[in-house]
Amino acid sequence: MSTERSHAVGEHPELPPPSTEVGIIGWVRHNLLSSTTNIVITVLTIYFLYVIIPPMLNWIIFDAVFSADSRDDCRAIAKAAGHEMGACWAFIGKRFEIFVYGFYPVEERWRINLSFILMLAALVPVLFDHVPNRKQGLWFSLAAPFIIGWLLLGGMGLEPVPTDKFGGFMLTLVIGVTGIVGSLPIGIALALGRQSHMPALRMVCVAFIEFIRGVPLITLLFVASTMLNYFLPPGTTFDLLLRVLIMVTLFSAAYIAEVIRGGLQALPKGQIEAADSMGLKYWQSMRLIILPQALKISIPGIVNTFIGLYKDTTLVIIIGLFDPLCMGRASLADTKWQGLSTEIYVFVAIFFFVSCFSMARYSLYLEKKLYTGH
Amino acid sequence: MSSQPEGAAPDLQVSDELIIKIKDMHKWYGSFHVLRDVNLDVYRGERIVICGPSGSGKSTLIRCINRLEEHQQGDIIVENVELTNDLKNIDAIRREVGMCFQHFNLFPHLTVLENCSLAPIWVKQVPRKEAEATAMKYLERVKIPEQADKFPGQLSGGQQQRVAIARSLCMNPKIMLFDEPTSALDPEMIKEVLDVMVELAKEGMTMLCVTHEMGFAKTVANRVIFMDGGQIIEENNPHEFFDNPQHERTKLFLSQILAH
């Protein structure tokens, strides 16, 4: 019997794993070089990245021109520096304000800035648990939409600004955030209504959901911009932006409702039975037991819908609202800067990517936070 | 049976106060007649074990008592309150009747302590502090106070079922219904749950228990009910029931489950 095998049955000591199984070497072996196919894929990927990344970085950063007065200026600066002309970001810099504020009056733009800060402040207590004075914070969050509405629209002491001056990223945020905030509660109500034991209520919810889902958003926006005039009594002025907000909210609410219905159906029947057997009332069971679990399951789907809605706000361009893409096109009409559409669209893409990627990361954070080991 | 609980007392007091009265009760699932002419009187302090082959309607019967299932004919009177469509009566009865399920049905998104204090806080408007103190008291009784801040998903099956029992007890029920409380458990966990149930019986709780634990029936129950095809076929004290079954179907059932 050798010394290594001298311990009794059931008393084998814990040994460290072999060095080829852990650390960087282990990771590379397991993930990049585990089989012939894997090796081929790894090599191809590295080659692909080599081909794509350096030219992209050159265009975006190293060969880019950040301050100039026209496109020719950009080219001259690049030539003087002795390289190809990369992105001409100077154009974006010159146009930055119109991208952000749309046609909002210059001297009133502080209201948009303040609104943006208020919005961020209102989001903090809603999105995160461990913030000081969260309870008071939530009251503020409840009040914030009204304050922001007043700030943006004016009236009551502020210079009124008509909504057709809204544009750019500010318009995207107004439509996107209103749609998201409004569609979640409506979606929950629709999902519960669709599960209701009352046939009339159930049928109304089903009809609403199926109608909205069966019609493209663009159609609904056209309806909002033109058709409503026929239905409303003559002479009523019904703000176009308000109509769009309602349509976008209802549209996404229908999708949210279906996502949440999926979550509701994933819950075992025993949950509601347990709640019932303890004497909880319907709304108590929903609020305390069913919805917290159903919403948690639905987080990926809900955030997916929100991201879709946020990006679909660009569709308002076709009924004449000035979304960021529209601002971009308008900028391209400037003869000094002609031909720089790539810069415009990359810039708009980055804006949307940052917003949507933040939502996606938040949803992952939330899923992790709510994980309770089952 | 390996999981037979110890220290039971078959000669527990049973009062002559009627607590549940089921009279000529019928229930259908669609056109399927699941419960047929069930009559059952339960007195305070009784420990009744209901057994029978699967599909015999035993779970449905006890689920009718707290209206998780609706009966279509006959009367069910619990604590002098008749079960009708009146939501007030249903709520009143559910406050007095606790229930434990085969799959525990704990709320996975709440901690053990929150599971136990939820119903007292929301249904009985007990202040949170007091509800949590009560919850801790019952968690100690089922011998898992140290798990109070964990989530159900982090506990073993036996521990989860004991939490479920504690959760029901926090509502201070007069009657406890058990719907196959040990059927989903690993063998070594059955005993810890049965021990808690035996304790409960000793304290005089009125219990109706659907179970296949014949050891439990022999030592704790004062009455065993055998159901088949939606009917009560036979009922007797455990001694007579096991040693001298009257009905052919009872004999067959007993021979099948006691054979191993």
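**Close-up views of a predicted two-chain complex**

Chain B has an average pLDDT of 90, with 95% of its residues scoring at least 70; pLDDT is the predictor's confidence in each residue, from 0 to 100. This is a predicted model, in which local features need pLDDT of at least 70, side-chain atom pairs count only at pLDDT 80 or more, and totals for chains, interfaces and linings use all residues. Residues are numbered from 1 along each chain as its sequence is written, chains are lettered from A and ligands numbered from 1 in the order in which they are written, and side-chain values use heavy atoms, with hydrogens and water left out.

View 1. Where pLDDT is low, predicted coordinates should not be read in detail. For the complex, the predictor reports an ipTM of 0.90 and a pTM of 0.85.

**View 2. The fold of chain A.** Chain A has 14 helices and 0 strands. Helices (H or I, at least four residues) and strands (E, at least two) are DSSP runs, numbered from the N terminus. The radius of gyration of chain A is 28 Å, well over the 21 Å that the globule rule gives for 374 residues, so chain A is more spread out than a compact globule. That radius is taken over C-alpha atoms, and the rule is 2.2 Å times the number of residues to the power 0.38. The C-alpha atoms of chain A fill a box of roughly 100 × 75 × 45 Å along the principal axes.

**View 3. The contact between chain A and chain B.** Chain A brings 21 residues to the contact and chain B brings 23. Together they bury about 2000 Å², 61% of it on carbon and sulfur atoms. Buried area is the accessible area (1.4 Å probe) that two parts lose on being put together, summed over both. A:Ser277, A:Met278 and A:Thr372 supply 30% of the area that chain A buries against chain B, more than any other three residues.

**View 4. A salt bridge across the contact.** Chain A and chain B share 2 salt bridges (a side-chain nitrogen of Lys or Arg within 4 Å of a carboxyl oxygen of Asp or Glu). A:Glu273 pairs with B:Arg63 in a salt bridge, with the closest N and O atoms 2.6 Å apart. On the side of chain A that touches chain B, helix H11 (269-277) and helix H12 (282-312) each supply at least two residues.

Technical notes:
Contact means heavy atoms within 4.5 Å.
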